[in-house]
Amino acid sequence: MQYSTHQLVLFPVAAADTPAVVSLEPCLQTLGLLGERLGAGHFAVGEAFLSLVCFLGCSPDIELVPQESKPFCYIQLPCSAAIVDFQLIRKPLVQVREWVIIGNIHEAEAVPDAALLSALEAASGCRWKYAYRR
């Protein structure tokens with residue numbers, strides 16, 4: 001599968017040394033963000049994806065169905081509670097244990113809906129932010 005290097009990254013505001021939530025997967029499954037499992041930590045987008053991610057401006061050319069030969073939108077979750085460093089566009093280095101990557105989203109192409117950020121806050125007990133990574 002061809003996973004894109006253009007990503008929308010959602011991450012908690014809490015410090016990386018706070019204990020990790022057991023798993024965000026059940027919360028995101030219930031919301032409808034996650035579709036079928038594609039591999040370790042990777043998922044196709046779920047049926048509510050277009051309600052939970054707001055695309056900006058003209059309608060972008062996005063592929064929602066997993067493709068072998070071209071980039072497509074996908075969701076990636078951590079496979080462990082290890083601290084990960086993210087170098088984000090126009091942001092300082094971020095160190096987090098929990099995160100959600102929405103793949104094949106270019107900078108300023110889309111933002112998470114308030115319902116998605118609220119669900120992540122409810123599941124983790126802290127506020128979440130987003131930024132872009134390439």
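I count a residue as buried when its relative accessible area is under 20%, and by that cut-off 43% of the 134 residues of the chain are buried. The model I am reading is a predicted one.

**Entry 1: the whole chain**

I began with the secondary structure, which comes to three helices and ten strands, and reading along the sequence I noted the pattern β-α-β-β-α-β-β-β-β-β-β-α-β. The radius of gyration is 14 Å, close to the 14 Å that the globule rule gives for 134 residues, so the chain is as compact as a globular protein of that length. Along the principal axes, I found that the C-alpha atoms fill a box of roughly 40 × 30 × 25 Å. I also looked up the accessible surface, which comes to about 6900 Å², with 53% of it belonging to carbon and sulfur atoms. Among the contacts with a separation of 6 or more, 68% are between residues 24 or more positions apart.

Next I traced an open sheet of six strands, whose order is 2-3-5-8-1-10 and whose pairing is antiparallel. Its edges are strand 2 (34-39) and strand 10 (128-133), each of which pairs on one side only, and the twist from one strand to the next averages 25 degrees. Helix 3, residues 114-124, packs on this sheet, where it touches strand 1 (7-12), strand 8 (100-103) and strand 10, and its direction makes about 120 degrees with that of strand 10. Within the sheet I then checked strand 3 (residues 42-45) and strand 5 (residues 74-76), which run antiparallel and are joined by three bridges; here Phe43 has Ile75 of strand 5 as its bridge partner.

**Entry 2: strand 1**

Gln7 stands opposite Gly103 in strand 8, while Phe11 stands opposite Lys129 in strand 10.

In a regular strand the side chains alternate between the two faces of the sheet, and I therefore looked at the two sides of the strand separately.

**Entry 3: Val100**

I then picked Val100, whose place is in strand 8. Is Val100 buried or exposed? Its relative accessible area is 1%, so Val100 is buried. Leaving aside residues up to four places away in sequence, I listed the residues that Val100 touches, among them Leu8, Val9 and Leu10, as well as Leu24, Leu28, Ile75, Leu120 and Trp128. I also noted Leu116, which is 16 residues from Val100 in sequence and 11 Å from it in space, C-alpha to C-alpha.

**Entry 4: Ser4**

My last stop was Ser4, which lies in the segment before strand 1 and is buried, because its relative accessible area of 7% is under the 20% cut-off. What does the side chain of Ser4 make a polar contact with? I found the side chain of Asn104, at 3.4 Å. A polar atom of the Ser4 side chain also lies 3.0 Å from the backbone nitrogen of His6. Not counting residues up to four places away in sequence, Ser4 touches Pro71, Tyr74 and Asn104.

Terms used:
Residues numbered from 1 in each chain as written. Predicted model: local features only at pLDDT ≥ 70, side-chain atom pairs only at ≥ 80, totals over all residues. Heavy atoms only, no water. Pairing = 2+ DSSP bridges. Helix = DSSP H or I, 4+ residues; strand = E, 2+ residues; numbered from the N terminus. Axes fitted to C-alpha atoms, helices over the stretch in contact; angles between N-to-C directions. Contact = heavy atoms within 4.5 Å. Buried < 20%, exposed > 50% of the residue type's maximum accessible area, 1.4 Å probe, protein only. Polar contact = N/O pair within 3.5 Å; in protein donor to acceptor, adjacent residues only side chain to side chain. Rg over C-alpha atoms; globule rule 2.2 N^0.38 Å. Areas by Shrake-Rupley, 256 points an atom, 1.4 Å probe, with all protein chains shown as cover.
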